[in-house]
Every structure is written in C-alpha cells, then in structure tokens.
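Dear colleague,

I am passing on to you the structure we spoke about, and below it I have set out what was found. Please read the notes with the coordinates open beside you.

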Amino acid sequence: MKKKVIVILGQTATGKSDLAVKLALRLCSGQAKKNGGEIISADSRQVYIGLDIGTGKITKKEMRGIPHHLLDVVNPKNKFTVTEYQQKTIYAMTEIFKKGKTPIICGGTGFYIDAITKGTIFPEVPPNIKLRKLLEKKSSAKLFSMLLKLDKKRANDIKNKNEINNKVRLIRAIEIARALGEVPNITEATPPYEFIKIGLFLPDEILKKKVNKRVTAMFQNGLLKEIIKLKKEGISQKRLMEFGFEYDNPTKEKVILETIKYAKRQMTWFKRDKEIIWFDASKSDILGNVVNLLKINI
RNA sequence: GCGUCGGUGGUAGAGUGGUCAAUUACAACAGACUGUAAAUCUGUCGCCUUCGGGCUACGUAGGUUCAAAUCCUACCCGACGCA
C-alpha cells in the first residue's frame, strides 16, 4: 500500500492555503489516527525570499503552527527551476513521512504539481545562461532552423504544437540538444506515493469579486513598498518582470485583470487531469466535505 | 449662432471609391506546455452555412456611381475655435 499525499490545487484566490492549514490541523486530532500534516507549497514564485505580498504568500500567523516547506528557499536574484522544486519536494515528503505525518502539497503551479505527481523526468541539462543570452537575440525562424539541424524530431514536435514562435521552448530545446546530442523523449517515473488531488475552483462572478478584494488588499498591504525594497536589494527591472505582472509596474486595474486571466490559464492546465476531485470553493463547509472524502482514502 | 475637425466592430484605433466583414492592439472564448510556468506560445473572434457561399454592417436619412466605410446633401451627436 502506497503512502498517501494530499494535493490541494486550483485557481488563485480560492482559499487553498487556508484549506491546507485547516486540513493539517484536522489531521492532528486523534480521530484521524495521524500525527498531523505538514504543508509543501507548490508555487513557482513563493520559493523566493522577499516576494511576499505580490505572491500572496501565507503569513506566519496564518500558518497556525503548521510547518510549511518550499517557501523562501532561494534568493530572488537566482533562478529557481522545476527540477530543483522536484528534488526539494521529494526530500520534504520523505522527511515528513519519517515523522509519521502526512504531506499536503498546496499550490497553483500546475507544472510543478505535475512534476511531482507524475514523476516527470527532465533532461539533466542545467540552464546555460550564456547560451540563452546569445540565442535570445535570434529570430524564432532562425532558432527553429538551428533546432531542426540538431534534433529534427523535437523541432517538428514544437512546430506541430503551433509553437514556432515560442522562443523560450526553442531555446531550451537547443540548450538540451547541444548538451546531449538530442532532446530525450519525456519520460515519467511512477512516484512511490499515491496522490489525492483536491481541486478548488470558483464560479466566474465570485472569482472576480474575490480577486478584486485580494488585489485591493495587496496594494493596501504595501505591494509597491515591497517592489521598492526588492529594487534596493539589487533586483533589476528585467528580473522583476519575470516575477509576473504584480511586480511589473503594477496598477490595481492591471493586476486584477491579469489575475483573472491567469486563473483561467490555470484551469486550462488542470482540466486535463482527470484525477482531480473538484470542489466549488464558494460553497459552505469545504473542509467537512474534503475530510469526508479523505476518511475513505486515508 | 458661425467655423473647423471628428463619429468605424466589446474597447482603442487604421482604412478615405472596387483586392473591406474591414490592418493592428486590447478584451473575450478555446487550446498547447520536455529545467524561466502568474512565464511563453497557438487558434477563433458580425450573423447563418450542406464550408461553395449567403446575409447584415463603418452616427441617421437620402443621393451620385457598374461599385461607397470611403464622394455629395440634410439631420443628430462630440471636441475645439470664433462669437
């Protein structure tokens, strides 16, 4: 029997973090016969130290004593990658199980979640900053023909997915092909755990209201100050842009709009995963329903 | 009141007699996703369609023309200037 890991995922502003904490606390209570839970964040930006308000990072107080992993693990000057996320998360899960606790993965970055739950094996080619800089200057057509020479299969694969203009992908493919001779086929290694995926979503209108509220609070809590602070610490404008729209000369209107768009993109990703059990976060007693579900499964 | 400029699709904004259902951008909708993923990229985007085409559209109403978003007239609305 595989050990179980709870995954809480879904759209932004649906209350994932809150649910995760409550679940972790519930797992502490005797009836569950567990020693409690610990939370592993699955958010590509909350890993950075100092990106707090803009990323909607949970506060110490909100954690209510539940240990959180994969938050604040890297300096924002350095780039973090899925592979690092994978390694650190696998390690965290093992450690949590050693304590006899249940890991709760919680976040909205689908790519990161899949890397864990599907056991995606990425090619062992670290980012080559120099090469990337060089390639970024080239046109996508040029990059495509370069890749075509290096790895025809991958080049056409990218083309067939209508991504001829996707420089990011072309560059990464060239990077891998140059290091390994070709881009290996994607493979997955069945993880040693069983993942119970709980998805939270909100009906459009309610989502809009929540996002509005959340963004308003963000600005009140000092988003702009946070950006100034990051700049003082030596984060460039270019780097800030990479952290997303909240950090790129944000205005309230812009952030609200972009957040809603982002939430939709998140759903596009998650929709494909048929293992997710969905809950409407606007309904009452989500926790109760989730606990009931887990009673059967855990 | 007179004069000038302007009124274009959900929005901004091109077009200024035929190749215009109308460049483009944004929004909207759908999708992709091999170490940046809140990133990056793709498709659709007036209505109907048996996918050949058909219909209705560029402030309103007329007119000129084989043909008008584009020219003319009147009217309505807006901005600015002069009174």
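**The sheet and its helices**

Strands β2 and β4 pair in the parallel sense over 5 bridges, and within that pairing E38 stands opposite P103 in β4. Please bear in mind that this is a predicted model. On β1, V7 stands opposite I105 in β4, and 3 bridges join β1 to β4, the two strands again running parallel.

These pairings belong to an open sheet of 6 strands, which follow the order β3-β2-β4-β1-β7-β8 with parallel pairing. The edge strands are β3 and β8 (277-280), each of which pairs on one side only. Strand β8 is joined to β7 by 4 bridges, the two running parallel, and there the bridge partner of G199 is W278 in β8.

As for β4 itself, both of its faces are covered, with T102, I104 and C106 buried on one side and P103 and I105 buried on the other. Because 5 of the 5 residues of β4 are buried, the strand is largely enclosed by the rest of the structure.

Turning to the helices, α3 lies across β1, β2, β3, β4 and β7, and runs at about 175 degrees to β2. Helix α4 also packs on the sheet, where it touches β1, β4 and β7, and its direction makes about 165 degrees with that of β1.

The length of α3 can be checked: at 1.5 Å a residue, the 17 residues of this helix (residues 82-98) should span 24 Å, and the end C-alpha atoms are 24 Å apart, which agrees. Its buried residues are Y85, T89, A92, M93 and I96. They cover an arc of only 105 degrees around the axis, which puts them on the same side of α3. These buried residues pack against β1 (3-10), β2 (37-41), β3 (68-69), β4 (102-106), α4 (110-117) and β7 (193-201), whereas the face of α3 turned away from the buried side carries the exposed residues Q87, Y91 and K98. Just after the helix, G100 takes a positive phi of about 75 degrees.

Finally, there is a helix pair to look at: α6 (residues 140-150) and α7 (residues 152-160) pack at an angle of about 140 degrees, with their axes 6 Å apart. Helices α6 and α7 are therefore oblique to each other. In their contact, F144, L147 and L148 in α6 meet K152, R154 and A155 in α7.

With best wishes

Technical notes
Residues are numbered from 1 along each chain as its sequence is written. Chains are lettered from A and ligands numbered from 1 in the order in which they are written. This is a predicted model: local features need pLDDT of at least 70, side-chain atom pairs count only at pLDDT 80 or more; totals for chains, interfaces and linings use all residues. The expected span of a helix is 1.5 Å times one less than its number of residues. A residue is buried if 20 or more other C-beta atoms lie within 10 Å of its own, exposed if 12 or fewer, and partly exposed in between; C-beta atoms are placed from the backbone. The arc is that of the directions from the helix axis to the C-beta atoms. Two residues are in contact if their C-beta atoms, placed from the backbone, lie within 7 Å. Two strands pair if DSSP finds at least two bridges between them. Axes are lines fitted to C-alpha atoms, for helices over the stretch in contact, and angles run from 0 to 180 degrees between N-to-C directions. Angles under 35 degrees count as roughly parallel, over 145 as roughly antiparallel, 65 to 115 as roughly perpendicular and the rest as oblique.
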